Amino acid sequence: MAQNVPGTDRPAEKAAGHWLLAQLGKKVLRPGGRETTEFLLRRVLGGEIDVVEFAPGLGITALEIVKRQPATYTGVDLDPKAAEIVRERIDAANHPNYRVVNASAEETGLPSESFDVVVGEAMLTMQTDHHKLDIMKEAARILRPGGFYAIHELSLTPDYLRPEIQQEIQRDLARSIRVNARPLTVSEWTRLAEEAGFEVVDMYQTDMALLEPKRMIADEGVGMAKILFNLARKPQIRERVLGMRATFRKHADHMGAIGLVLRKKEA
């Protein structure tokens, strides 16, 4: 899988942090781990429903979604290599109701009010606030009235966090993970959701412990052995990963993970 992971054509010092971790064999690349993803899926999936997933990445959540046998599954990913990985993981070739389209989450090209659930994880954080809102509005557009949008993102705490601290966290994350991450406080995520046409109906919060041993064991299981082996033999990647973990630990008091279940408001 590693040679097929997006970003492997870039040197270790420049690759985006999530694809770097994927090269090591890490499967769960979401800030709140499997526990947050499972919380969201338990609350929004069930029955013969039509599901869309924005930016499914390596398809780990996609596989969990199709295991629940929705009527249809549609992945939307701008990266053609990632889209192909997800198609293979969910065996889309043998399931006519499962597909992955190569498109932007801001402009999916999907028909309006045609889906019951949209899932998006660890992708809004990587956008400007303007683009966050555009993506959330696109989710609202394609959802049927009363449909659910489940998001899993980085969060900041407390709600009254000083702007200079927010800016420091953004700068440190950009240097470390090579992506301009812009996490929000709970009230900011809520306000953005409401502006896009949603109401918050459920919430899950946990530590941002993506690279902590306890979370990694819970997320990866026996896959931890492969990750440790790859870390030992790839010093450039190991240096980057240790740098990312140091950044996460530095801001642990102000940075967490959040899962929000949003419901599209009825007109």
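Which residue with a positive phi follows α3? The residue is Q69, and its phi is near 55 degrees. Helices (H or I, at least four residues) and strands (E, at least two) are DSSP runs numbered from the N terminus.

The model is predicted: local features need pLDDT of at least 70, side-chain atom pairs count only at pLDDT 80 or more, and totals for chains, interfaces and linings use all residues. Residues are numbered from 1 along each chain as its sequence is written, and side-chain values use heavy atoms, with hydrogens and water left out.

Within α3 (60-67), the residues I60, T61, A62, I65 and V66 are buried. Buried means under 20% relative accessible area, exposed over 50%, and partly exposed in between, for a 1.4 Å probe and protein chains only. The buried residues of α3 pack against α2, β1 (50-54), β2, α4 (80-89), β3 (98-102) and β4.

Strand β4 (residues 115-121) pairs with β5 in the parallel sense over 6 bridges; pairing requires that DSSP find at least two bridges between two strands. In this arrangement F115 stands opposite L143 of β5. Because 10 of its 14 residues are buried, β5 is largely enclosed by the rest of the structure.

A nonpolar core is a set of buried Ala, Val, Leu, Ile, Met, Phe, Trp, Tyr and Cys residues joined through side-chain atoms within 4.5 Å. This core has 32 residues, of which L21, L211, V241, M244 and F248 touch the most other members. The largest share, 5 residues, comes from α1. Apart from this core lies another, of 30 residues, including V76, V101, A139 and I151. In soluble globular proteins, nonpolar side chains tend to be buried together.

Leaving aside neighbours within four places in sequence, V241 is in contact with L21, L24, L211 and L231. F248 lies in helix α10 and is buried, with a relative accessible area of 9%. Not counting residues up to four places away in sequence, F248 touches L173, I177, M208, L210, L211 and M255. F248 and L173 are 75 residues apart in sequence, yet 8.2 Å apart in space, C-alpha to C-alpha. T247, also found in α10, is buried at 11% relative accessible area; with the same exclusion of neighbours within four places, T247 is in contact with D172, L173 and S176.

The largest pocket has a volume of about 970 Å³. Of its 47 lining residues, H18, A55, A122, M123 and M126 are the closest to its centre. α2 (33-44) is among the elements that supply at least two residues of the lining, and α2 gives the most, with 5 residues. A pocket here is an open set of points on a 1 Å grid over the protein atoms alone, where a 1.4 Å probe fits, with protein on both sides within 12 Å along at least five of seven lines; lining residues have an atom within 4 Å of a point. Grid points are joined across faces, edges and corners, and the volume is the space filled by probe spheres set on the points.

The peptide bond from T157 to P158 is cis, with omega near -5 degrees, and P158 is placed in the loop between β5 and α6. D91, in the loop between α4 and β3, has a positive phi of about 55 degrees although it is not a glycine.

Conventions
Contact means heavy atoms within 4.5 Å.
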